[in-house]
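This report goes through the structure shown below, topic by topic.

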Amino acid sequence: MTVTIYDVAREAGVSMATVSRVVNNNPNVKPATRKKVYEAIERLGYRPNAVARGLASKRTTTVGVVIPDISNSIFAEVARGIEDIANMYHYNIILCNADKKKDKEIRVVNTLLEKQVDGLLFMGGAVTEDHLQAFKTANVPVVLCATSDESEQIPSVDINHEEAAYDAVMKLIQNGHKRIGMISGTLQDPASGYARFQGYKRALQESGLSYDESLVRIGNYRYESGVEAMKYFIELNERPTAVFSATDEMAIGAIHCIQDSGLQVPGDISVISVDNSRMASMVRPQLTAVAQPMYDIGAVSMRLLTKLMKKEHVEQYKVTLPHEIVMRQSVGGV
């Protein structure tokens with residue numbers, strides 16, 4: 001049979017109100033009494049009913065997190081930052097994978113709201129009107145994490161993706177490269193796709209280099225699409241001397257394709273990317289990449305959400321964190 005608060009009170013010889021105060025960490029309980037209640041809880045194996053507590057307090061101390069791809073190490077690092085700050089402020093998280101599919105994202109958001117979460121952290125692709133409508137009717141705070149909406153209606157924490165791509169391509173140009181390919185994410189993705197593509201084009205334009213549509217391939221963020229894009233570049237009559245990849249995973253696919261073709265990185269083709277995941281230092285040669293502070297993005301997002309949930313003063317609703325280029329061995333001069 002389920003052990004109830006009444007059983008704990010009887011076992012400890014105290015009132016149910018006293019047990020409730022102990023369970024909810026109320027300081028107005030004598031240490032000896034608190035110890036007696038905890039001993040009774042341990043003997044009986046009592047577990048407080050979180051649902052009942054949530055109904056009584058109208059708070060569940062639970063946060064819903066929508067993640068695009070749980071198998072991607074980048075998002076795992078964001079989730080770690082979220083988890084650490086959630087623990088610090090005594091929140092639990094429910095993590096849901098949405099595969100960057102609009103219908104699934106909205107369905108997951110609604111499911112989390114049905115679970116009576118106190119707030120939502122959303123990592124995903126394009127934030128559409130349907131997303132905004134779901135967020136506006138949520139009746140709980142929502143923070144966009146590692147993504148943002150163009151209308152800036154929802155609080156967000158991210159880097160400047162266009163600037164990150166611009167800096168990466170400029171690093172190639174500074175090393176003498178003039179024919180630079182790009183392996184892009186889908187242009188419907190405002191951050192990893194379109195914004196990074198715009199940064200690539202701006203760097204070329206400001207350096208007096210013409211944009212060549214044949215030097216851009218659209219990938220799906222996966223290793224295999226990096227391989228396929230690089231095969232295409234190598235077979236061109238005039239292949240690029242450098243390639244900018246929108247993500248590390250596609251960049252590593254490109255590096256392996258170059259090597260499998262009997263060419264060298266960076267001797268024949270230089271490669272640079274954005275993300276700086278753990279994989280960047282595992283591949284050989286090690287991958288030069290623009291580092292996103294993924295742990296910090298998660299941690300700052302969760303801290304912003306705690307302030308909104310507690311109705312604390314918030315100075316900045318759109319937070320842009322800095323990025324930096326981590327130089328390794330995959331970029332050389334021409």
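## Cysteines

The cysteine sulfur closest to that of Cys-145 belongs to Cys-96, and the separation of 14 Å is too far for a bond. A disulfide is a covalent bond between the sulfur atoms of two cysteines. The structure holds zero disulfides.

Is Cys-145 buried or exposed? Its relative accessibility is 0%, so Cys-145 counts as buried. Cys-257 has a relative accessibility of 5% and therefore also counts as buried, the limit being under 20%.

## Model and overall layout

The model is predicted. Mean pLDDT over the protein chain is 90, and 96% of the residues score at least 70. Among the elements of the chain, the lowest mean pLDDT, 54, is that of helix H4 (residues 50-57). The highest, 98, is that of strand E8 (residues 242-245).

Twelve helices and twelve strands are present in the protein chain. The C-alpha trace spans about 85 × 40 × 35 Å along its principal axes. Of the 334 residues in the chain, 50% are buried. Among contacts with a separation of 6 or more, 70% come from residues 24 or more positions apart.

## Helix H5

Does the length of helix H5 agree or disagree with its residue count? Helix H5 covers residues 73-88, which is 16 residues, and at 1.5 Å a residue it should span 22 Å. The C-alpha atoms at its ends are 23 Å apart, which agrees.

The buried residues of H5 are Ile-74, Phe-75, Val-78, Ala-79, Gly-81, Ile-82, Ile-85 and Ala-86. Because they cover an arc of only 155° around the axis, they lie on the same side of H5. Exposed residues Arg-80 and Met-88 are carried on the face turned away from this buried side. The elements against which the buried residues of H5 pack include strand E1 (62-67), strand E2 (92-97), strand E3 (119-122) and strand E4 (142-145). Strand E9 and helix H12 (294-309) are also among these packing partners. Just after H5, His-90 takes a positive phi of about 60°.

Strand E9 (residues 270-275) pairs with strand E10 (residues 288-291) in the parallel sense, over four bridges. In this pairing, Thr-288 of E10 stands opposite Ile-272.

Strand E10 is also joined to strand E12 (residues 324-326), here by three bridges and in the antiparallel sense. The bridge partner of Val-290 in E12 is Ile-325. In a regular strand the side chains alternate between the two faces of the sheet.

Ile-258 is found in helix H11. With a relative accessibility of 0%, Ile-258 counts as buried.

Which residues touch Ile-258 once its neighbours within four places in sequence are left aside? Ile-258 is then in contact with Met-230, Ile-234, Leu-263, Gln-264, Val-265, Ile-269 and Val-271. Val-227 is 31 residues from Ile-258 in sequence, and the two C-alpha atoms are 8.5 Å apart in space.

## Cis peptide bonds

The peptide bond from Val-265 to Pro-266 is cis, with omega near 5°. Pro-266 sits in the loop between helix H11 (248-260) and strand E9.

Another cis peptide bond joins Arg-284 and Pro-285, with omega about -5°. Pro-285 is placed in the loop between E9 and E10.

## Positive phi angles

Gln-116 is not a glycine, yet its phi is positive, at about 65°. This residue lies in the loop between helix H6 (102-114) and strand E3. Gln-116 is exposed, with a relative accessible area of 51%, where the cut-off is over 50%.

Asp-275, also a residue other than glycine, has a positive phi near 140°. Asp-275 is found in strand E9. Is Asp-275 buried or exposed? At 8% relative accessibility, Asp-275 counts as buried.

Terms used
Residues numbered from 1 in each chain as written. Predicted model: local features only at pLDDT ≥ 70, side-chain atom pairs only at ≥ 80, totals over all residues. Heavy atoms only, no water. Pairing = 2+ DSSP bridges. Helix = DSSP H or I, 4+ residues; strand = E, 2+ residues; numbered from the N terminus. Expected span 1.5 Å × (residues − 1). Buried < 20%, exposed > 50% of the residue type's maximum accessible area, 1.4 Å probe, protein only. Arc of directions from axis to C-beta. Contact = heavy atoms within 4.5 Å. pLDDT = per-residue confidence, 0-100. Disulfide = S-S within 2.5 Å.
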